[in-house]
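Please examine the sequence and the 3D view before reading each solution.

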Amino acid sequence: MKGIIICTADLIKKHIKQNIVLMIQIAVTILIFLGFIGKLQYISSKSDIAETFNSSKALYYTPFSFTSQDITAEKIIKDNSLDILEIGCVNHMVIKSNDNLYLCLGYNDAIIERCNLKLSSGKWFDEYDKTDAIPIISLNNSFSLNDTLMLEDNNGKKYEAVVIGSISPDDYVIEFNHSGNKNVMSIEFFAQKPQSAFIVPYNSKKLPTVTDDFDHKHLIDDSPGFVGELLFCKEKSDNVTIEKAFSEYGEITDIDQMIENYKRDIKFDFISNGIILFVFTLLTAAGIGGINGMQSRLDRRNYIIYYMLGANKKECAAIEFLRMFSIATTGFFIAIFLYNVSSIRNLLYSSEIMINISTFCLSFIYILFIFCIVSMKYVIDLGKGSLIDHYKNQE
Amino acid sequence: MPIKLTNISKSFNGNSSNKINVLKKIDLEIQDNDMVAIMGRSGAGKSTLLNIIGCLDSPDEGEYLLDGQDISKLSNSNLSNLRNSKFGFIMQDFALIEDETVRHNILLPTYFSRTKINTSCEDLAKKLGIYKLLDTKASLLSGGEKQRTAIARAIINDSKYIIADEPTGALDSVNAEMIMNIISDLHKTGKTIIIVTHDIIIAEKCQRVLTISDGHLD
């Protein structure tokens with residue numbers, strides 16, 4: 001073991017300038033790779049949104065004039081005697097708790113029952129079985145699981161609330177947006193990165209009785225206006241009549257059409273970014289692999305001397321792997337350091353990039369993979385025939 | 001018999017049409033404390049024979065017994081141990097790690113040794129006249145100094161056999177003579193010396209001279 005460590009240090013020291021350049025190249029490669037992978041992860045995470053509304057026979061209605069409170073779905077349904085099962089609403093609110101004001105989202109029963117949001121911990125509203133506190137879902141790590149809050153309405157009446165679940169800042173919550181026509185309307189319009197502190201049931205008839213007393217009208221309404229609603233239908237065949245009735249007041253689009261549009265956009269994004277990543281991967285593999293391979297060839301004489309003096313081929317391979325691992329790891333830590341410099345991070349990455357521990361791990365594995373391929377080839381070559389022959393051929 | 005080679009053959013380029021039979025059914029016996037010179041023209045197979053004796057290469061056919069042990073039955077790891085403990089190598093191009101110090105080069109075999117080494121690097125350096133150079137990089141040494149460093153490295157593990165491939169090939173006559181004197185002194189201390197050389201003067205200093213030609217040992 002002593003020999004392996006000493007010889008590895010020798011080899012790193014031998015090409016110290018080239019190794020420093022290589023480490024910087026690795027760090028820069030990792031930073032760029034993080035960006036590409038982060039983008040793909042972001043796109044991939046968005047594909048989960050499509051699952052949120054799967055198997056729902058639903059239509060999304062957004063009025064032409066989104067400030068008008070008069071033309072709600074409820075009014076149109078009533079005027080046209082339409083057969084609609086439920087209307088899904090999302091309300092933006094500000095709720096007071098312990099003298100602090102929190103932005104929050106209010107989901108009605110239709111949204112709670114029919115949307116499957118990805119939770120990082122805890123459970124969704126429909127699994128909550130207690131009746132003595134209002135269940136809330138924490139967003140952006142604002143609260144921990146099982147935390148209790150005292151929510152207060154404008155009359156000063158207080159209601160106990162308990163955190164039953166949590167959604168990670170990297171995932172999505174359902175919010176409605178005013179959007180364009182059928183061809184461009186995408187399910188993505190519903191999915192937003194969480195901006196609020198928590199989600200609370202809104203006008204729920206099915207959740208604890210305490211929720212019924214919770215008078216939302218006394219809370220500050222932060223909604224920019226009525227932007228849209230989800231109409232859940234009994235049968236798909238009802239859609240034609242419903243679409244005709246709603247089309248006078250706004251845009252109405254089948255959820256399936258929006259999912260299709262969304263998947264098309266995601267696919268295009270994924271392929272275009274995937275191609276860039278593939279080309280980048282090849283170029284960096286050639287660059288880093290080439291330099292590493294060159295060093296391995298230059299080090300061949302050293303390995304032959306080690307072999308002659310008593311190192312076996314496994315020890316030679318261990319020296320090569322330790323050398324490669326040390327350089328790759330140092331480059332990786334330089335990348336982490338640079339990533340934590342906020343000016344560099346802001347310069348390189350947009351908000352549409354999802355970087356987490358797994359992104360870093362993936363980047364590190366990628367760098368190790370490039371090194372391993374080159375070093376492995378070299379080690380296998382060492383195993384073929386006599387090292388002395390290699391030495392003489394080189395001479 | 002410390003070293004006994006029987007019917008040893010070695011070829012290169014495998015089964016291809018360019019196959020070269022370097023060694024053809026060679027028999028060789030070397031006694032303890034022997035000093036043997038192996039001569040022959042370039043490409044005759046001297047170095048290949050030396051590599052096989054030094055366990056750096058393996059024969060295609062034949063039997064090699066080292067101190068009664070059949071070398072062909074040893075694993076790669078055991079062969080490495082054997083090289084480390086029993087053989088010291090002195091090469092024409094010195095085979096030193098040029099970027100490292102003399103001390104580091106001399107100590108290299110001890111890093112791979114499975115047993116404790118009692119020989120002092122400083123004592124060896126003093127004996128060979130390179131003590132003051134211990135912390136000098138090998139690349140800054142003269143040819144004679146490099147070869148003395150290589151000799152120190154070859155004996156730091158108290159190896160029984162010294163394998164020397166053209167040890168004076170890259171040296172001037174003064175340094176060549178000094179190196180040969182050192183090798184002769186090693187022989188006097190009981191070590192078995194096997195030298196490959198072109199130089200008849202060096203060969204004459206050995207107890208036995210063997211000539212290899214066309215793959216056969218005369």
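**Exercise 1.** Determine which residues B:Ile163 touches, not counting residues up to four places away in sequence.

*Solution.* Two residues are in contact if their C-beta atoms, placed from the backbone, lie within 7 Å. Leaving out residues up to four places away in sequence, B:Ile163 touches B:Leu50, B:Ile53, B:Gly54, B:Phe87, B:Phe89 and B:Ile194. The largest nonpolar core has 81 residues, and B:Ile38, B:Ile163 and B:Ile194 touch the most other members. A nonpolar core is a set of buried Ala, Val, Leu, Ile, Met, Phe, Trp, Tyr and Cys residues joined through C-beta atoms within 7 Å. A residue is buried if 20 or more other C-beta atoms lie within 10 Å of its own, exposed if 12 or fewer, and partly exposed in between; C-beta atoms are placed from the backbone.

The model is predicted: local features need pLDDT of at least 70, side-chain atom pairs count only at pLDDT 80 or more, and totals for chains, interfaces and linings use all residues. Residues are numbered from 1 along each chain as its sequence is written, while chains are lettered from A and ligands numbered from 1 in the order in which they are written.

**Exercise 2.** Describe the make-up of chain A and of chain B.

*Solution.* Begin with the elements: helices (H or I, at least four residues) and strands (E, at least two) are DSSP runs, numbered from the N terminus. Chain A has twelve helices and 14 strands, and chain B has seven helices and ten strands. Next, consider burial: 35% of the 395 residues of chain A count as buried, and 46% of the 218 residues of chain B do. Finally, of the contacts in chain A between residues at least 6 apart in sequence, 83% join residues at least 24 apart.

**Exercise 3.** State what chain B contributes to its contact with chain A.

*Solution.* The contact takes 19 residues from chain B and 15 residues from chain A. On the side of chain B, helix H2 (76-86) and helix H3 (102-111) are the elements that give two or more residues. H2(B) supplies the largest share, six residues. By type, this side divides into eight nonpolar, seven polar and four charged residues. Here Ala, Val, Leu, Ile, Met, Phe, Trp, Tyr, Cys and Pro count as nonpolar, Asp, Glu, Lys and Arg as charged, and the others, Gly among them, as polar.

**Exercise 4.** Work out the strand order of the open sheet of four strands in chain A, and why one side of E2 and of E14 is left without a neighbour.

*Solution.* The order is E2-E13-E1-E14, with antiparallel pairing; two strands pair if DSSP finds at least two bridges between them. Strand E2 (84-88) and strand E14 (250-254) of chain A stand at the edges with a single partner strand each, so one side of each has no neighbour in the sheet. Within the sheet, E1 (residues 58-63) and E13 (residues 229-233) of chain A are joined by four bridges, and A:Tyr61 stands opposite A:Glu229 in E13(A).

**Exercise 5.** Identify what joins strand E3 of chain A to E4 of chain A.

*Solution.* E3 (residues 90-97) and E4 (residues 100-107) of chain A pair in the antiparallel sense over eight bridges. A:Lys96 has A:Leu101 in E4(A) as its bridge partner. The two strands form a hairpin with two residues between them, and A:Asn98 in the turn has a positive phi of about 50°.
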